[in-house]
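Thanks, everyone, for making the time.

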Amino acid sequence: MTHETYTNPVLNADWSDPDVVRVGDDFYLTASSFGRAPGLPLLHSRDLVGWTLIGHALERLEPAAEFSSPRHDCGVWAPSLRHHDDRFWIFWGDPDQGIFQVNAPQIRGPWTRPHLVKEGKGLIDPCPLWDEETGEAYLVHAWARSRAGIKNRLTGHRMHPEGTAVLDEGKVIVDGDRIPGWFTLEGPKLYRHDGWFWILAPAGGVETGWQGAFRSRDFFGPYEERIVLEQGDTEVNGPHQGGWVRTGSGEDWFLHFQQRGAYGRVVHLQPMRWGTDGWPVIGDEGAPVPEHRRPGLPAGPPAAPATDDDFPGGRFGRQWSWTANPQDGLATQHSADGLRLTCVRTSDAHDLRTLPSILTQRLPGLPSAVEVELELHSEEPGARAGLTVLGDAYGWIGLQRGGDGAVHLVHRFAEPVGTGAPPTPSGQWGRERDAAHPRLAPRGSARLRIEIGAGARCRFAYDIGDGLRHSGPVFTATPWRWVGALLGLFALAPAGTGHAGAATFGAFRISPLRPL
């Protein structure tokens, strides 16, 4: 790569199902956030290559009671981001509730509370369009067979111009079952261009699918289709589902995801142009590019969403989110740097996947070393705190107060639960087990480290005052069904009454992995 080119992916972490919009000289992107809170991340760029995280549009998921505990693959699916009538609009589908919308006068808010536009099971991937030529407003969405019993079709509606409701029963405007070879048609993005209604929509499944384009003179069809981006001879599997954006000078670009296992859905930037036949040509004649000339925009300094955190004043940065709607009093702010997490009492401490009090951020897509300082303040026997790689399987390393009053360095893991997996003989789903023998931590503090190598293979390590040591066997991070693995911080205590103390985390760092 030179200063005149960029390499893909431009966002090398799980920024799933991206959509993008330009307002003036600024580009904004949002992505799926599923059951985590805050949700609907908001990213900003001036050159489409370097992106920074500037906030979230959704403080809490609603109904709040439905998301008081983790629902890792539910919640916010495939949002669409638009700018209309001097406001930013985000529409998304909750597969269990329906299509929601929030809007704001500025990208940093204030954002409205979620408004239910269309209620129903299995309604996913909505996208609005305000037709500036006619004044009409439209909405298109896909279907999740897991909830609705149908998929592979796109339904269109006329929509109230204020985005508050659909105005008709809806009509199937693209039926993938009628297109030979097409399946799992979803993720539509709706545009108006050159006198046509355009729907850019993926098909073929998350890991191996392709990007389709559909056009019609009338919103309700009929549509003709074409595959405009697919893997071809490249190493980029399933290059699809994203958004088209045009720069101020008229260049066209397409942002889409690639499924990468435990790393989730990383984001690629493809050049786009309109062919002589009026159809979009994406990438290198329909194949994804690994490297390309940068957009014709002023190049800023290298930028990426923040990962490191010193927790100034006891506050955590925007890169962190809870595994469910946050509870009061989880993080205690104070004047000194360092994040002080309350040891939350729970009877489910044996399974981090079930807990809403895990503070998470995305797993980095490149080989990396993750480090954090930890001090355990709780005197409660069984109280623990640590650093985890969290997914369908998980591993963690940290500190625990023993029944003898001493603090021990512990390293534990839990096997995948998987869909339909039977419980263990003890009746627990994927119950934790030791990955290494506990060690006395005489200072009650430790430096924790996870080295994430190729294939998301993780090596845990620690320093309790006598130098850095590796712990246990290599652990391979695993995703949930739709969500990549996460890094997490937590502090827990056994069920009981009264305050159980706290743990302090400091100097969280993610750096390129280098041999020790």
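Let me begin with a question: at 6% relative accessibility, does W322 count as buried or exposed? Please bear in mind while you consider it that what we are looking at is a predicted model. The answer is that W322 counts as buried, because its relative accessibility of 6% falls under the 20% cut-off.

The ring of W322 has a partner in F316: the two centres are 5.8 Å apart and the planes stand at 90°, so this pair is edge-to-face. F316, for its part, counts as partly exposed, with a relative accessibility of 30%.

That brings me to the aromatic pairs in general, of which the count comes to 23. Another of them is formed by F219 and F220, whose ring centres lie 4.9 Å apart with the planes at 75°, so that this pair, too, is edge-to-face. Here F219 is buried at a relative accessible area of 1%, and F220 is also buried, at 14%.

Ring pairs also build a cluster, which links Y191, W198, W244, W274 and W279. Apart from ring against ring, there are charges placed over rings: the charged end of R192 sits over the ring of F197, 4.0 Å from its centre, and R362 lies over the face of W15, at 3.6 Å from the ring centre.

I would start with strand β20, residues 265-274, which is mostly covered, with 8 of its 10 residues buried. On one side of the account is strand β19, residues 252-259, which runs antiparallel to β20 and is joined to it by 8 bridges; within that pairing, F257 has V267 of β20 as its bridge partner. The two strands form a hairpin with 5 residues between them, and in the turn G261 has a positive phi of about 60°.

β20 also pairs in the antiparallel sense with strand β21, residues 280-282, over 3 bridges. These two likewise form a hairpin with 5 residues between them, where G278 in the turn has a positive phi of about 90°.

I would like to stay for a moment with Q259, which is found in strand β19. Q259 counts as buried, at 13% relative accessibility, and its side chain reaches the backbone oxygen of G261 at 3.3 Å, G261 being the turn residue with the positive phi. If we leave out residues up to four places away in sequence, Q259 touches V206, E207, N237, G264 and R265.

Finally, the nonpolar cores. Which residues have the most contacts inside the largest of them? They are L363, V389, L448, L489, F505 and F508, in a core of 47 residues. To take one of these, L448 is in contact, beyond its neighbours within four places in sequence, with a set of residues including V370, V372, L374, L387, I397, L409, A461 and Y462, and also E371, G386 and G398. There is a second, separate core of 39 residues, and L129, W182, L355 and Y394 are among its members.

That is the tour I had in mind, and I am happy to go back to any part of it.

Conventions:
Residues are numbered from 1 along each chain as its sequence is written. This is a predicted model: local features need pLDDT of at least 70, side-chain atom pairs count only at pLDDT 80 or more; totals for chains, interfaces and linings use all residues. Side-chain values use heavy atoms; hydrogens and water are left out. Buried means under 20% relative accessible area, exposed over 50%, partly exposed in between (1.4 Å probe, protein chains only). Helices (H or I, at least four residues) and strands (E, at least two) are DSSP runs, numbered from the N terminus. Two strands pair if DSSP finds at least two bridges between them. Rings of Phe, Tyr and Trp (its six-membered ring) pair if their centres lie within 6.5 Å; planes under 30 degrees apart count as stacked, over 60 as edge-to-face and the rest as tilted. A charge sits over a ring if NZ of Lys or CZ of Arg is within 6 Å of the ring centre and within 35 degrees of the ring normal. A nonpolar core is a set of buried Ala, Val, Leu, Ile, Met, Phe, Trp, Tyr and Cys residues joined through side-chain atoms within 4.5 Å. Contact means heavy atoms within 4.5 Å. A polar contact is a pair of N or O atoms within 3.5 Å; within protein, one must be able to donate a hydrogen and the other to accept it, and residues adjacent in sequence count only if both atoms are side-chain atoms.
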